[in-house]
Amino acid sequence: MAAPTMDRPTSAAPAAVQTLTIAKALNNGLRASMEANPKVIVMGEDVGKLGGVFRITDGLQKDFGEQRVLDTPLSESGIIGAAVGLAIRGYRPVCEIQFDGFIFPGFDQIVSQVAKLHYRTQGRLKLPMVIRVPFGGGIGAVEHHSESPESYFAHTAGLKVVTCSNPADAYWMIQQAIDCDDPVLFFEPKRRYYEKGEVDTTAAPGPLFRSRTLRTGTDVTVVTYGPSVRTSMEAAAAAEEEGRSLEVIDLRTLSPLDLAPVYESVRRTGRLVVVTEAPSESSISSEIAAKVQQECFYSLQAPVLRVTGFDTPYPPSKLEEEFLPDLDRVLHAVDRSLAW
Amino acid sequence: MSSPEKWTHPGPDAAPATAAKPTAEQVIAGLRATDEGGADLVQLLTPEGERVQHPDFDIDITAEELRGLYRDMVLVRRVDREANALQRKGQLGIWVPLLGQEAAQIGAGRAMRPEDMAFPSYREHGIAWTRGVKPTELLGIFRGTDNGTWDPVATRFHPYTIVIGNQVLNAAGYAMGQKFDGKVGDSDGEATICFFGDGATSQGDVHEGFVWAAVYDAPLVFFCQNNQWAISEPTERQSRLPLYQRARGYGFPGIRVDGNDVLATLAVTRWALEECRQGNGPILIEAFTYRMDAHTTSDDPSRYRLSDELELWKLKDPIERVKVHLVKQQWADQAFFESIEAEAEQIAIELRDYCVNLPDPPPGRIFSEVYAEGNPVLEAQRDEFLAYHAGFAGGEH
């Protein structure tokens with residue numbers, strides 16, 4: 001695979017290392033891409049004057065104009081479908097879907113056109129577009145604002161699916177996704193938008209379609225992504241106090257999956273816990289379980305366990321703390337794995 | 001429009017979606033769709049081959065140009081009939097006939113300039129012809145060897161879109177790109193035309209395409225071929241009012257043209273594309289025509305429409321009226337018509353030969369070009385499958 005590397009300097013980066021929120025890192029990353037390539041355009045509902053409901057596109061329309069930052073009609077199929085036409089015309093559209101639960105009016109265009117045009121034309125048409133989706137729960141919202149629909153897209157051939165969990169990845173991964181000649185679904189952990197971290201703006205920490213081991217350990221491997229990364233890291237810190245050593249891997253890419261570091265880890269620990277907000281049935285977590293049992297069959301000391309959202313619609317928000325994987329549920333799964 | 005309180009349902013006596021009110025004879029005959037386009041229909045050549053004037057749309061056409069349009073229509077009809085026969089002989093899995101829609105497609109297609117862009121549905125074999133796509137290049141889709149092999153960038157003819165209405169939004173985006181590129185505003189500009197049917201007008205994507213093109217002033221001609229039938233459902237099942245009248249609600253012009261009249265279709269589409277190039281888009285054209293054959297070779301129209309209706313439309317055949325006019329004007333002689341027939345026969349032979357010799361793709365084609373930048377997980381699956389498959393080649397299984 002031709003994994004793109006990103007090492008170009010950007011004018012939006014006066015200091016090499018900045019402390020940024022995920023939201024600001026995404027904003028800076030979008031700005032850097034727009035400065036580097038005049039064909040990059042941003043389109044979505046309220047992304048212009050308002051700067052998006054989460055302010056991810058704040059100030060971009062003011063600086064790049066209404067023709068590069070489009071306040072679109074309230075029309076998700078339109079956002080995706082028009083972006084397809086713009087991509088064919090030579091643009092690199094970055095679409096914002098306002099909330100995870102609103103992507104479904106655009107689902108037909110994503111599955112039928114975005115995912116298949118390259119294959120249909122055997123490479124004569126490329127669809128270099130990014131679909132940004134704030135996803136996941138934990139913000140006390142009404143229905144349709146807290147969902148984790150990533151498995152639908154990972155299940156669809158022709159799409160690539162990534163998710164960031166920290167400001168440095170947010171800054172670099174969005175630029176790498178925009179540079180990618182394949183369509184990329186870019187899932188952003190909305191409840192982590194305002195968490196801060198250091199961002200080195202001089203060089204990308206690595207290629208886009210790679211998972212990353214965030215913490216090494218010897219007892220149990222924990223694989224996770226997006227908003228659950230912080231939960232898993234906190235669980236690992238708590239487990240350490242009890243003398244248990246967890247290895248935590250941030251998947252970053254959900255399609256294609258980069259599971260080589262997971263296999264290597266599970267062969268050492270013999271135990272795997274997968275943590276996601278998405279429901280478990282027919283999901284990223286079930287795919288990981290299937291692949292790991294195939295690749296690490298003789299290394300496993302316990303079955304692969306999953307800590308996920310339940311197989312229900314996302315509940316009313318007063319119940320979401322029960323629904324979402326938290327530190328205690330992760331530790332409980334670790335205990336079960338070790339006790340097997 | 002009256003206030004909501006005064007609004008009343010148009011009722012059964014109002015003008016139906018397809019046409020003016022059916023005649024008593026048509027009702028007695030049991031016809032559900034009517035053959036009359038109504039008072040707003042733009043027509044320049046009557047079914048009897050008489051040239052008529054229109055106050056807003058007219059066209060200066062030379063004998064050579066009209067012979068060219070005639071040739072186009074005869075050849076695409078021959079391609080269509082041959083492909084239909086190839087399906088009956090088992091050489092194609094399915095075919096989507098264009099029979100009856102030759103004038104709508106040749107008129108619209110010949111109105112385009114090379115730099116204009118077209119987004120077809122899946123019945124646009126006549127548009128393909130005008131874009132320089134070889135008829136043989138359509139076959140693989142229906143034989144199951146590929147999904148269309150023409151170059152959509154070089155021909156400016158997008159791949160066939162099978163999901164109803166999707167391409168309308170893609171066309172809106174493309175037309176927005178033309179505008180963003182500064183290609184709109186004078187007659188050197190570019191425009192886009194997208195094709196869809198009466199059934200597609202019920203799709204959300206068509207509505208959204210209308211909205212998007214309108215609010216961004218996109219240089220886009222919406223070309224709706226109302227062939228009266230969406231498989232088994234008449235246009236009345238899609239709309240209360242004539243389709244071209246929908247444009248008004250979106251804030252752009254809608255025109256109903258006789259889709260069996262190649263001159264009228266050419267004139268109206270040429271005008272509409274020029275308006276779009278000048279920055280006055282979008283525009284909706286409803287080409288009022290008739291699907292003279294089945295929806296596809298898998299369909300059976302005898303289950304839902306009367307043959308009387310087809311007989312009525314045969315009298316409005318798009319090719320016959322041009323032939324009559326050419327003869328009346330003495331613009332073509334018997335030798336001309338025979339030469340076109342001979343050319344059509346030659347194309348049919350080439351189509352047959354090409355079709356029956358079209359090889360099945362190799363198994364590895366399943367995995368080809370799913371991604372622009374590759375995918376190691378998929379490549380591993382491919383390699384495993386190819387290794388498995390190679391085992392058979394050696395006779396081990």
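Begin by selecting helix α8 (residues 228-241) of chain A, which lies across β9, β10 (220-224), β11 (246-250) and β13 of chain A and runs at about 170 degrees to β11(A). The model is predicted: local features need pLDDT of at least 70, side-chain atom pairs count only at pLDDT 80 or more, and totals for chains, interfaces and linings use all residues. Residues are numbered from 1 along each chain as its sequence is written, while chains are lettered from A and ligands numbered from 1 in the order in which they are written. Helices (H or I, at least four residues) and strands (E, at least two) are DSSP runs, numbered from the N terminus. Angles run from 0 to 180 degrees between N-to-C directions, with axes fitted to C-alpha atoms, for helices over the stretch in contact. Residues are in contact if their C-beta atoms, placed from the backbone, lie within 7 Å.

Next, display the open sheet of 5 strands in chain A, ordered β9-β11-β10-β13-β14 with mixed pairing; strands pair if DSSP finds at least two bridges between them. Its edge strands are β9 (212-215) and β14 (305-309) of chain A. Strand β13 (residues 272-279) of chain A runs parallel to β14(A), joined by 4 bridges, and V273(A) stands opposite L305(A) in β14(A).

Then select helix α10 (residues 284-295) of chain A, which lies across β10, β13 and β14 of chain A at about 155 degrees to β13(A).

Finally, turn to the contact between the chains, which takes 37 residues from chain A and 34 residues from chain B. On the side of chain A that touches chain B, α3(A) gives the most, with 10 residues.

Methods: Two residues are in contact if their C-beta atoms, placed from the backbone, lie within 7 Å.
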